[in-house]
Amino acid sequence: MPPDPEPTPPLPAWLRPAFPFRRRVLRIDGRLVHFVDEGEGPPVLLVHGNPMWCFLWRKVLAALSGRGLRLVAPDLVGFGLSEKPGRAEAHT
């Protein structure tokens, strides 16, 4: 994966111990998407529902880390640390 085009949004200090995973950002269709990208191996995609973010998967990520898997958990656009579109029509 190429270097991140933009810096990863910072986590508040109180949240860092509970969420120690490798985080990245990627611009997709003009929107900044934040995601966890942890480990190497066959990919496992962890997708949250509404109104959550990838923090929902922290215990699953911890349990699966180090097991030869690539864990990918995105924050859907509009949630978590991903970009929040201002127009309501963007959320369709």
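Which strand is Pro74 found in? Pro74 is in strand β4. Keep in mind that you're looking at a predicted model.

- Four strands make up an open sheet, and going across it the order is β1-β2-β4-β3, with mixed pairing.
- At the edges sit β1 (23-28) and β3 (43-45), each of which pairs on one side only.
- On average, neighbouring strands of this sheet are turned by 30° against each other, if you ignore direction.
- β3 and β4 (residues 70-74) run parallel, and three bridges join them.
- Across from Val72 in β4 you'll find Leu45.

**Pro74**
- Pro74 counts as buried because its relative accessibility is 15%, and the cut-off for buried is under 20%.
- Setting aside residues up to four places away in sequence, Pro74 touches His34, Phe35, Leu45, Leu46, His48 and Cys54.
- Take Phe35 from that list: Phe35 and Pro74 are 39 residues apart along the chain, yet their C-alpha atoms are separated by 3.9 Å.

**The nonpolar core**
- The largest nonpolar core has 12 residues: Leu11, Leu15, Phe19, Phe21, Val36, Leu46, Trp53, Cys54, Phe55, Leu61, Leu71 and Ala73.
- Leu46 and Cys54 are among these core residues, and Pro74 touches both of them.
- Leu15, another member of the core, is in contact with Trp53 and Phe55 once its neighbours within four places in sequence are left aside.

Conventions: Residues are numbered from 1 along each chain as its sequence is written. This is a predicted model: local features need pLDDT of at least 70, side-chain atom pairs count only at pLDDT 80 or more; totals for chains, interfaces and linings use all residues. Side-chain values use heavy atoms; hydrogens and water are left out. A nonpolar core is a set of buried Ala, Val, Leu, Ile, Met, Phe, Trp, Tyr and Cys residues joined through side-chain atoms within 4.5 Å. Buried means under 20% relative accessible area, exposed over 50%, partly exposed in between (1.4 Å probe, protein chains only). Contact means heavy atoms within 4.5 Å. Two strands pair if DSSP finds at least two bridges between them. Helices (H or I, at least four residues) and strands (E, at least two) are DSSP runs, numbered from the N terminus. Axes are lines fitted to C-alpha atoms, for helices over the stretch in contact, and angles run from 0 to 180 degrees between N-to-C directions.
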